[in-house]
Amino acid sequence: MNKDNIKKYIKEYVPYVLIIVVVILIRTFLFTPIKVNGTSMYPTLKPNELMILNKIGINKGIDRWDIVVVKEDKKYIIKRVIALPGESIAYIDGKLYINKKEVEDNYSLSNTNNFNELYLKNNEYFVMGDNRTVSADSRSIGPVTKDQILGKTSLIIFPFNRIGTVE
């Protein structure tokens, strides 16, 4: 190959390589698609919906009621943050208590079984699915730590008739 051919190949292929590198960087550090599996977040989220996981959103903080993606063992689960680090949480007579004060839980599809007060450490979050009767969440797996939370999600991109943000 002569010098002119090398320059020609570089000019032709460098833009494609740059595009691939940018896409990989965006997916790795900023945003990535994620698929809803199961009905634990129903009716807020439906099975097989495709969402965008915002990985930088957790840098701004994680708030109560945020929908987050958690790495649990070797799988990813989508849940709602119910209690924050340092708080206590309990369900008594079908009512949510955070730090011994009743808090309205507008997201639960069904009654939540009672559980005794649990105190979260400074890096722990209590997450639950909206469809509590079928959700494997902090009630069974325990609190999750911030490093298990991969990011927030609230944007559905597929199916097209559901495009938009969810609460």
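Colleague: Which residues lie nearest the centre of the second largest pocket, and how many residues line this pocket?

Modeller: The second largest pocket has 15 lining residues, and those nearest its centre are Ile 67, Lys 152, Thr 153, Ser 154 and Leu 155. This is a predicted model, in which local features need pLDDT of at least 70 and side-chain atom pairs count only at pLDDT 80 or more, while totals for chains, interfaces and linings use all residues. Residues are numbered from 1 along each chain as its sequence is written, and side-chain values use heavy atoms, with hydrogens and water left out.

Colleague: What makes β11 stand out in the lining of the second largest pocket?

Modeller: With four residues, β11 gives the most to that lining.

Colleague: Why are β2 and β11 called paired strands?

Modeller: Strands (DSSP runs of E, at least two residues, numbered from the N terminus) pair if DSSP finds at least two bridges between them. Five bridges join β2 (residues 50-54) to β11 (residues 149-158), so the two count as paired, and they run antiparallel. Leu 53, for example, stands opposite Thr 153 in β11.

Colleague: How do you know that β12 also pairs with β11?

Modeller: Two bridges join β11 to β12 (residues 164-165) in the antiparallel sense, and at least two are required, so the pair qualifies. Leu 155 stands opposite Thr 165 in β12, and a hairpin through five residues joins β11 to β12.

Colleague: What links β3 to β11?

Modeller: Three bridges join β3 (residues 67-72) to β11, and these strands run antiparallel; the bridge partner of Val 70 in β11 is Ile 149.

Notes:
1 Å grid on protein atoms, 1.4 Å probe; cavity = no way out; pocket = protein on both sides within 12 Å on 5 of 7 lines; lining within 4 Å.
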